[in-house]
Amino acid sequence: MAGTQQEEMDFGSDSERMKKRTVEGGLLITFEGGEGVGKSTQAERLFHKLQSFGIDSIQAQEPGSSDLGNNVRSWIKRANSSSPLAETLLFEAARAQLMFETVRPALDRGKVVVLDRYTDSTLAYQGYARGGDLQTITQLNNIATANLEPHLTVLLDLDPKVSLARVNNEPDLFSGADSGSPTRVDDEGQRRFEDQPMNFHQNIRNGYLEMSKKDSRWCVIKADQAGHRIADAILKRVRRLLIERAIPEAVFRS
Ligand SMILES: Nc1ncnc2c1ncn2[C@@H]1O[C@H](COP(=O)(O)OP(=O)(O)O)[C@@H](O)[C@H]1O
Ligand SMILES: [Mg+2]
């Protein structure tokens with residue numbers, strides 16, 4: 001049958017088809033930005049796309065994707081006031097655990113790790129927005145991750161007036177907005193931050209933009225576009241990184 005022949009030409013034998021593609025040393029892709037900019041939506045989308053290409057990948061979320069992270073999240077939600085340092089150390093503890101139990105082992109097996117928030121979130125929130133010392137936070141980030149830098153950081157940049165309206169389920173100001181059900185998975189843990197005054201969110205945005213100018217790992221995308229456009233822009237960049245790591249171009253045509 002023509003269909004079967006085509007499949008064999010593109011993907012080789014059954015055993016090869018079953019085996020997911022990996023890259024030497026793995027690939028760490030992080031998503032950053034303020035509340036409601038579309039990080040979880042796009043991280044999910046990228047993860048499914050990679051899977052559909054047969055690329056071995058996992059998806060995780062900070063601080064939620066470990067038992068410790070979930071406890072940190074619920075504590076931060078309950079705490080009336082916490083010291084910025086205590087908050088930073090808790091996030092770093094959750095991060096260290098996620099590195100240990102999920103991210104490092106996956107990278108060691110050559111997987112692509114799609115991470116919804118990482119070290120830059122601590123710099124943006126506890127540093128730029130809450131006034132913590134950036135150098136100290138950088139040191140703590142380095143300790144928690146054993147200096148593991150992302151290969152790519154996608155910054156979804158959006159005016160917080162728009163992103164917070166999204167989060168609060170107000171009508172989106174942008175006409176090409178995604179329709180459909182909300183996909184937020186981090187509501188409870190983020191509530192406290194969402195309730196902060198607007199200048200807190202502006203500081204986060206500005207902090208991210210400042211960081212993005214310092215390193216080529218950043219890919220800044222305007223997040224007031226339709227979801228599929230954002231997804232295409234992200235995929236273009238990811239595809240390049242994977243091709244550089246010996247993933248054949250044909251994989252992305254499937
Ligand atoms: N490009 C987009 N345009 C309009 N609304 C979007 C877009 N991407 C996501 N949304 C919606 O905005 C809300 C927040 O998205 P989410 O991915 O949870 O953001 P984050 O994880 O950054 O907080 C959700 O209701 C989601 O469906
Ligand atoms: Mg989210």
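This is a predicted model: local features need pLDDT of at least 70, side-chain atom pairs count only at pLDDT 80 or more; totals for chains, interfaces and linings use all residues.
When neighbours within four places in sequence are left aside, the residues in contact with Tyr 118 are Thr 30, Glu 62 and Pro 150. Of these contacts, Glu 62 stands 56 residues away from Tyr 118 in sequence, yet the C-alpha atoms of the two residues are 6.5 Å apart in space.

Helix H11 comprises 18 residues (residues 227-244), which at 1.5 Å a residue should span 26 Å, and the distance of 26 Å between its end C-alpha atoms agrees with that expectation. The buried residues of H11 are Ile 230, Ile 234, Val 238 and Leu 242. They cover an arc of only 100° around the axis, and therefore lie on the same side of H11. An α-helix has 3.6 residues a turn, so residues three or four places apart point the same way.

Among the elements that cover the buried residues of H11 are strand E1 (27-32), helix H3 (39-52), strand E4 (152-157) and strand E5 (218-222). The face of H11 that is turned away from the buried side carries, by contrast, the exposed residues His 228, Arg 229, Asp 232, Lys 236, Arg 240 and Glu 244. Just after H11, Ala 246 takes a positive phi of about 75°.

Conventions:
Residues are numbered from 1 along each chain as its sequence is written. Chains are lettered from A and ligands numbered from 1 in the order in which they are written. Two residues are in contact if their C-beta atoms, placed from the backbone, lie within 7 Å. Helices (H or I, at least four residues) and strands (E, at least two) are DSSP runs, numbered from the N terminus. The expected span of a helix is 1.5 Å times one less than its number of residues. A residue is buried if 20 or more other C-beta atoms lie within 10 Å of its own, exposed if 12 or fewer, and partly exposed in between; C-beta atoms are placed from the backbone. The arc is that of the directions from the helix axis to the C-beta atoms.
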